[in-house]
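Have a look at the structure first, then read the points below alongside it.

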Amino acid sequence: MTNKQVIFAQQIALPAIGQGTWYMGENASRRRDEVNALRAGLDLGLQLIDTAEMYADGAAEEIVGEALTGRREHAFLVSKVYPWNAGGQKMIAACEGSLRRLNTDYLDLYLLHWMGDYSFEETVSAMETLIAQGKIRRWGVSNLDYDDMQALWQVTGGQQCATNQVLYHVASRGIEYDLLPWCQQQQMPVMAYSPLAQAGRLRSDVLTNTVVNDIARARNVSAAQILLAWVIRHQGVVAIPKAANVAHVEQNAAALAITLSADELKLLDKAYPAPKGKTALDMA
């Protein structure tokens with residue numbers, strides 16, 4: 001495994017691939033496989049585990065909580081708050097609910113899932129309260145575009161934002177135009193969800209694309225591993241694919257060792273061109 005890492009809050013260095021949990025907890029028959037996959041990911045050094053109160057109405061957090069039994073100190077735990085809970089006592093209660101389901105007394109990172117009716121001032125204030133109470137270590141946002149981040153930056157305390165989690169994959173490259181460069185300038189990590197192009201309005205047959213699969217075959221790896229290596233080629237980007245079984249998480253971890261060549265990147269750029277102008281943030 002290579003040393004591809006992302007620095008959070010200028011102090012925590014984590015592998016550039018983490019573990020997502022979207023769609024986990026939706027089928028009781030898969031619970032054991034999901035728990036085992038998360039534990040295997042920790043064994044492989046994939047410390048960052050991302051979840052949300054939204055996922056399976058909290059059941060994904062319960063899966064994570066079970067996987068972390070006796071291993072909490074080995075994980076960098078991230079959860080997200082619904083926008084309608086993102087202020088005042090509602091956020092305190094929502095965070096406490098997540099902590100109960102996760103069977104922990106703190107989150108390493110707590111994110112606003114997407115923008116809602118609460119002002120940034122209210123959300124930042126509630127996040128600061130949670131930090132003061134020891135319930136979270138740091139906070140961030142999700143699904144905020146460039147202009148949203150500029151507005152957040154003008155709010156007192158807004159520049160304490162530790163990350164922006166957005167949809168990003170080879171077929172959805174809009175963030176490269178302005179959002180990603182700005183985040184890199186601020187030394188703020190970007191968390192890429194759906195890195196295998198399986199969500200968003202621009203979702204496509206990337207996993208079966210001829211160029212992607214030709215590169216994968218030449219390297220004797222999977223198409224998914226090529227897609228992950230592509231996402232984390234940028235400094236400060238961490239991919240959070242879901243792996244519902246041990247074999248998949250092993251493949252994800254192995255993608256950390258893949259560095260795409262300039263020629264391979266050119267081929268992928270030709271198949272999936274970079275944006276030439278501003279496009280709306282892709283979301284799922």
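1. Let's begin with what a pocket is here: on a 1 Å grid over the protein atoms alone, a pocket is an open set of points with protein on both sides within 12 Å along at least five of seven lines, whereas a cavity is a set of points where a 1.4 Å probe fits but cannot get out; lining residues have an atom within 4 Å of a point. Grid points are joined across faces, edges and corners, and a volume is the space filled by probe spheres set on the points. The second largest pocket holds about 250 Å³ of space. It is lined by 16 residues, with Trp 22, Tyr 23, Ser 194, Gln 198 and Lys 242 closest to its centre.

2. A word on the model: it is predicted, so local features need pLDDT of at least 70 and side-chain atom pairs count only at pLDDT 80 or more, while totals for chains, interfaces and linings use all residues. Residues are numbered from 1 along each chain as its sequence is written, and side-chain values use heavy atoms, with hydrogens and water left out.

3. Now the largest pocket, at about 300 Å³. Its lining has 17 residues, and Ala 9, Gln 159, Gln 160, Cys 161 and Ala 162 lie nearest its centre. Split by class, that lining has eight nonpolar, six polar and three charged residues (nonpolar means Ala, Val, Leu, Ile, Met, Phe, Trp, Tyr, Cys and Pro, charged means Asp, Glu, Lys and Arg, and the others, Gly among them, are polar).

4. Strands β1 (residues 5-8) and β2 (residues 12-15) run antiparallel and are joined by four bridges. Gln 5 has Pro 15 in β2 as its bridge partner. (Strands are DSSP runs of E, at least two residues, and helices are runs of H or I, at least four, numbered from the N terminus; two strands pair if DSSP finds at least two bridges between them.)

5. Next, the open sheet: eight strands pair in parallel, in the order β3-β4-β5-β6-β7-β8-β9-β10. At the edges sit β3 (19-20) and β10 (237-239), each pairing on one side only. Three bridges link β9 (residues 190-193) to β10, and Val 190 stands opposite Val 237 in β10.

6. Finally, two helices to look at: α7 (residues 210-219) and α8 (residues 223-231) pack at about 105 degrees, with axes 8 Å apart. Axes are lines fitted to C-alpha atoms, for helices over the stretch in contact (heavy atoms within 4.5 Å), and angles run from 0 to 180 degrees between N-to-C directions. α7 and α8 are therefore roughly perpendicular (65 to 115 degrees; under 35 is roughly parallel, over 145 roughly antiparallel and the rest oblique). Val 212 and Arg 219 are among the α7 residues that meet α8.
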